[in-house]
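I opened this notebook to record what I looked up in one structure.

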Amino acid sequence: MSDVAAALLGGFGAVWALATSISGLYVLVVAVIAALATRLLLAGDLSGIGQNINRANLIRPWLFLGPALFALGLYLAYPVIETLRLSLTDRVPIPGGGGAFRYQFVGLDNYTQMMGEPKFWEALRNNFFWLLVVPAMSTVFGLLAAQLTDRLSWGNIAKSMIFMPMAISFVGASVIWKLVYDFRPAGSEQIGILNALVTSLGGEPQTWLTVPFWNSFLLMIVLIWIQTGFAMVILSAALRGIPEETIEAAIVDGANPLQIFFKIKVPQISGTIVVVWTTITLVVLKIFDIVFAMTNGQWETQVLANYMYAKLFTSNDWGVGSASAMVIMILVLPILIWNVRNARREMR
């Protein structure tokens, strides 16, 4: 036992040295789990080999799951719990504390305040419009692109060009499209493609991003442009997986290309279409970058994530900001659960 104890002490010394590095905390957790497992294995009557084997079988899965569970708890569970706590509290300055704060429990006051603000309802309404338009249009355009490019000799090149926006960050795409919508006074040279087109047809240049209602749809175009490539790649793979026999049978029966597409192909890839739709829906519920970079929520373009950011870092209102974060999580959670259940069903 003395040799075992000496080995364990030496191992703890090495692990503690590693803990001072960036990844040391992770290594330390693994070492603690291993030490506990060793202690349990050495406890009791060591002559009971069968008992020790049973203990090892019980502990071994946790040696692999432990680090992952720790990481999930640290980076997923803890932020959710902390955000919920902040949404139920208010930061109150401590008198004479030199700018220090204490957290005072206020119950649902932050939620009540949030729901009393017109900007919150504007953000919720705009998120609803985004949910109606972006997933549907991205999926439809992606499906059409997947079908049409498969019939072209240069289809792979076309697919690469359509997919290319996926490689651009949301902020980068926003800068590109902000130049497309750029406005210069009448009589000046228009560098924005849209206003250049309008003036070439004899119209007047417009400040497109300041026009209420329509400006939200102009922002949606940016995300549709990005997500169409994602939908195309997934749906193209699904279309290629359709058995050729069913298509050949439809052709023999006299079906035209439209009937083959809508009555043969689409029903067989309906599960993939739903997965693409819901995946894009999750992206839409968390949309922030495009709105922040192009309008910052002005001119009635506010969305929930940008509203949360404004409350947290502009107004410094951590209570209402955390409450809006909880609203986003509640909206995302049902779709996420449905996606997981659907994936498990398909695996079975």
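**Entry 1. The second largest pocket**

I began with the second largest pocket, which is lined by 14 residues; Gln147, Asp150, Glu244, Ile247 and Lys265 lie nearest its centre. I noted the definition: on a 1 Å grid over the protein atoms alone, a pocket is an open set of points where a 1.4 Å probe fits, with protein on both sides within 12 Å along at least five of seven lines, and lining residues have an atom within 4 Å of a point. Helix H9 (214–240), helix H10 (244–252) and helix H11 (257–268) are the elements that each give two or more residues to this lining. Helices here are DSSP runs (H or I) of at least four residues, numbered from the N terminus. H11 provides the largest share, four residues.

I recorded a volume of about 280 Å³ for the second largest pocket. A volume is the space filled by probe spheres set on the grid points, which are joined across faces, edges and corners. By class, the lining has seven nonpolar, two polar and five charged residues. In this scheme Ala, Val, Leu, Ile, Met, Phe, Trp, Tyr, Cys and Pro count as nonpolar, Asp, Glu, Lys and Arg as charged, and the others, Gly among them, as polar.

The model is predicted: local features need pLDDT of at least 70 and side-chain atom pairs pLDDT 80 or more, whereas totals for chains, interfaces and linings use all residues. Residues are numbered from 1 along each chain as its sequence is written, and side-chain values use heavy atoms, with hydrogens and water left out.

**Entry 2. Gln147**

Is Gln147 buried or exposed? I found that Gln147, placed in helix H5 (residues 118–149), is buried, with a relative accessible area of 12%. Buried means under 20% relative accessible area, exposed over 50%, and partly exposed in between (1.4 Å probe, protein chains only).

Leaving aside neighbours within four places in sequence, Gln147 is in contact (heavy atoms within 4.5 Å) with Leu239, Phe261 and Lys265. Leu239 is 92 residues from Gln147 along the chain, yet their C-alpha atoms are separated by 7.7 Å. The side chains of Gln147 and Lys265 are joined by a polar contact of 3.3 Å. A polar contact is a pair of N or O atoms within 3.5 Å; within protein, one must be able to donate a hydrogen and the other to accept it, and residues adjacent in sequence count only if both atoms are side-chain atoms.

**Entry 3. Asn126**

I then turned to Asn126, also found in helix H5. Asn126 counts as buried at 4% relative accessibility. A polar atom of the Asn126 side chain lies 2.8 Å from the backbone oxygen of Gln302. Not counting residues up to four places away in sequence, Asn126 touches Ser216, Glu300, Thr301, Gln302 and Val303.

**Entry 4. The nonpolar cores**

Which residues have the most contacts inside the largest nonpolar core? They are Trp130, Val134 and Met294, in a core of 37 residues. A nonpolar core is a set of buried Ala, Val, Leu, Ile, Met, Phe, Trp, Tyr and Cys residues joined through side-chain atoms within 4.5 Å. H9 gives the largest share of this core, 12 residues. Val134 touches Met220, Leu223, Ile224, Ile280 and Val284, not counting residues up to four places away in sequence. A second, separate core has 15 residues, including Tyr111, Leu285, Leu304 and Val327.
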